[in-house]
Amino acid sequence: MPAAPGKHHPCRGADHMRLTFTGARVLILGGSCSLGLALIDLTRETGLAIVPTHSSDTGHAALAERFPDLAARSPRLDLGDPASVDALERDADYVIDFAHARFEALMAASTEADAYFAAQIAGRQRLLRHLGRAMLTRRFGRLIHVSSTAACLPAEGQGFYSAAKRAGEALYQALGLELGPRGVTSVSLRLGLLDAGRGANFLDTADRRATLKAPLVTTDQAASTLLFLMSDQALAFTCTTLTMDAGLTARKHI
């Protein structure tokens, strides 16, 4: 008899879905964000060694509160500072990229694009070049970019964020193409309306949480999916962008 809806029940295939990991070291860029902290929680259960970066004192404090041992050896990373990028350790087998600075302005009005794009695109490419080369020496590496549905459907004022996310997807795809034959794979995960961080702040205003409940992505869903994408079982997802938005971008809004 089928289990009642809403009740957890064993799946016949569950025993066969035990994730395995070829690598041993995980570098989480921007690991102090809400989703980064949730991913650290899950990843620690696998026994993988984790190094999260932070970009501000606030981020470091968030790490220290939840994972004091990791915060003590968390490097500060500023994609706009080449010295910061060059100083980052390069022996990671897995890179999870949450790093992204906030910059919301009207594309037709702002004159501050140079520094933002230099950090988010050129700075990211500089970092990935270092990390990718190190992965090549070990003949294994997994690059995972956390993108956003804003990359394809930006709201007004999100033009810079959208362009940088889209460029990030292109960088990761290109790296996967170039390095894939030598064991380094890449994938981007486009998240929709995530109930964490900025997404949670958005939902907590104007009663949006009630009206937008259907297309929400939970923190647990997103973190679990990222852990899966790190696994050996997901390595065939490479040189591509996956969308996880609970159907948000499939709807026609009037």
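Predicted model: local features only at pLDDT ≥ 70, side-chain atom pairs only at ≥ 80, totals over all residues.
Figure 1. Of its 254 residues, 45% count as buried.

**Figure 2. Overall dimensions of the protein chain.** The C-alpha atoms fill a box of roughly 60 × 45 × 40 Å along the principal axes. The radius of gyration is 19 Å, which agrees with the value near 18 Å that a compact globule of 254 residues would have.

**Figure 3. Secondary structure and contacts in the protein chain.** The protein chain contains nine helices and eight strands.

**Figure 4. Charges of the protein chain.** There are 27 positive and 25 negative charges. The mean position of the positive charges and that of the negative charges are 6 Å apart.

**Figure 5. Position of R190 in strand β5.** Strand β5 covers residues 184–191, and R190 is part of this strand. R190 counts as buried because its relative accessibility is 12%, and the cut-off for buried is under 20%.

**Figure 6. Surroundings of R190.** The side chain of R190 makes a polar contact with the side chain of E169, at 2.8 Å. Leaving aside residues up to four places away in sequence, R190 touches S147, S148, T149, A151 and C152, then R166 and E169, and also T241, L242, T243 and M244.

Key
Residues numbered from 1 in each chain as written. Heavy atoms only, no water. Helix = DSSP H or I, 4+ residues; strand = E, 2+ residues; numbered from the N terminus. Rg over C-alpha atoms; globule rule 2.2 N^0.38 Å. Buried < 20%, exposed > 50% of the residue type's maximum accessible area, 1.4 Å probe, protein only. Lys, Arg positive; Asp, Glu negative; His and termini not counted. Charge placed at Lys NZ, Arg CZ, Asp CG, Glu CD. Polar contact = N/O pair within 3.5 Å; in protein donor to acceptor, adjacent residues only side chain to side chain. Contact = heavy atoms within 4.5 Å.
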